[in-house]
Amino acid sequence: MTDESRPLLAALWMTGAVVSFSTMAVAGRAAAVELDSFEVMTYRSFIGLAIVLAVGSATGKIREIRLDRLTLHLVRNIGHFVGQNLWFSALSLITLAQLFALEFTTPIWVVVFALVFAGERLSRARVMAIALGFAGVLCVARPEGGGDALGLAIAAAAAIGFACSIVATRVLMRTETVLGVLFWLTVMQAVMGIVTAGWDGDIAWPSPQTWPWVVVFGCGGLLAHTCVTNALAVAPAIVVTPMDFVRLPAIAIIGAFFYSEPLDAWVLVGAALIFSGNYANLLNEAKGNLRARM
């Protein structure tokens, strides 16, 4: 942790992220009563676009939007769009704790992609991350653990889509700003949403009772990503990652309180294994970066 690191400020940002992600899950379940995942994502994208344009215009940062990396933006947003729709589809099939636990496998897939596509070496820490992650998934998705098998598979696949998005984002952030990434995220995914939601010629319009949930879902997603980005800007990932893990017990309590979902200890154990593998790899990379600077 550097002298410039501000962990308390990062903790405040991550508190906002935890609240946003949890609120998003509750709102998504409520909206799913009337809308399919493509329709929710369409409305979410247009709500997000309106917010990004308003903020960009008010701050003068709208000029930061670039046009020279649209191919990579497209790759990033296809991964995120697929992952988010799979996540939303699994939302009504498995418990919230199972969904969030399997989402924590995203960093493990990032490691796998780095090994396969970037030719990075297979260190002991990375082997541990993959092994513990696999063991954690077995704990979460064990046959006697309850939950729809298809829903568990969909949630696991969503993590792969998120990993593709993260890898592309890492490359984009070498030259792009947060506002630029969010602008193309909302624009491209709005188009993807219209195409996928309207392929059958019928896009449902939310009822007055559902519109507030759609708005909360859209704002929650944008706010969550903003909070995580700002947390990483004031503290290293090795400090921020444990804070993100608070999402799991928080959403497990919400699931038990609002939806009478069981508090399965094995889900928490599995998520802890997944987190341990991710964190061990993060520690190893941080030490490697420190040695490289010395």
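1. A salt bridge is a side-chain nitrogen of Lys or Arg within 4 Å of a carboxyl oxygen of Asp or Glu. With that in mind, and remembering that this is a predicted model, one can turn to Asp68, which forms a salt bridge with Arg66, the closest N and O atoms being 2.6 Å apart. The structure holds four salt bridges, and side chains of opposite charge can pair when their charged atoms come close.

2. Arg66 also meets the side chain of Glu176 in a salt bridge, at 3.2 Å from N to O. This pair links distant parts of the chain, since Arg66 sits in the loop between H2 and H3 while Glu176 sits in the loop between helix H7 (149-172) and H8, 110 residues apart. Taken together, Arg66, Asp68 and Glu176 are linked in a network of salt bridges.

3. Leu67 lies in the loop between helix H2 (37-59) and helix H3 (70-90). Its relative accessibility is 64%, and therefore Leu67 counts as exposed, the cut-off being over 50%. Although Leu67 and Trp184 are 117 residues apart in sequence, their C-alpha atoms are 9.6 Å apart in space.

4. The second largest pocket has a volume of about 320 Å³. It is lined by 15 residues, of which Val55, Val178, Leu179, Leu182 and Thr226 are the closest to its centre. H2, helix H8 (178-197) and helix H9 (211-234) each supply at least two residues of this lining, and the largest share, five residues, comes from H9. Sorted by class, the lining of this pocket has eight nonpolar, five polar and two charged residues.

5. On the surface, Phe46, Ile194 and Ile203 form a nonpolar patch, with about 240 Å² of accessible area together. Ile194, one of these residues, is found in helix H8, and because its relative accessible area is 40%, Ile194 counts as partly exposed.

Key: Residues numbered from 1 in each chain as written. Predicted model: local features only at pLDDT ≥ 70, side-chain atom pairs only at ≥ 80, totals over all residues. Heavy atoms only, no water. Helix = DSSP H or I, 4+ residues; strand = E, 2+ residues; numbered from the N terminus. Buried < 20%, exposed > 50% of the residue type's maximum accessible area, 1.4 Å probe, protein only. 1 Å grid on protein atoms, 1.4 Å probe; cavity = no way out; pocket = protein on both sides within 12 Å on 5 of 7 lines; lining within 4 Å. Points joined across faces, edges and corners; volume = space filled by probe spheres on them. Nonpolar A, V, L, I, M, F, W, Y, C, P; charged D, E, K, R; others polar. Patch = residues over 30% accessible without salt bridge, like charges linked within 9 Å, V, L, I, M, F, W, Y side chains within 5 Å. Areas by Shrake-Rupley, 256 points an atom, 1.4 Å probe, with all protein chains shown as cover.
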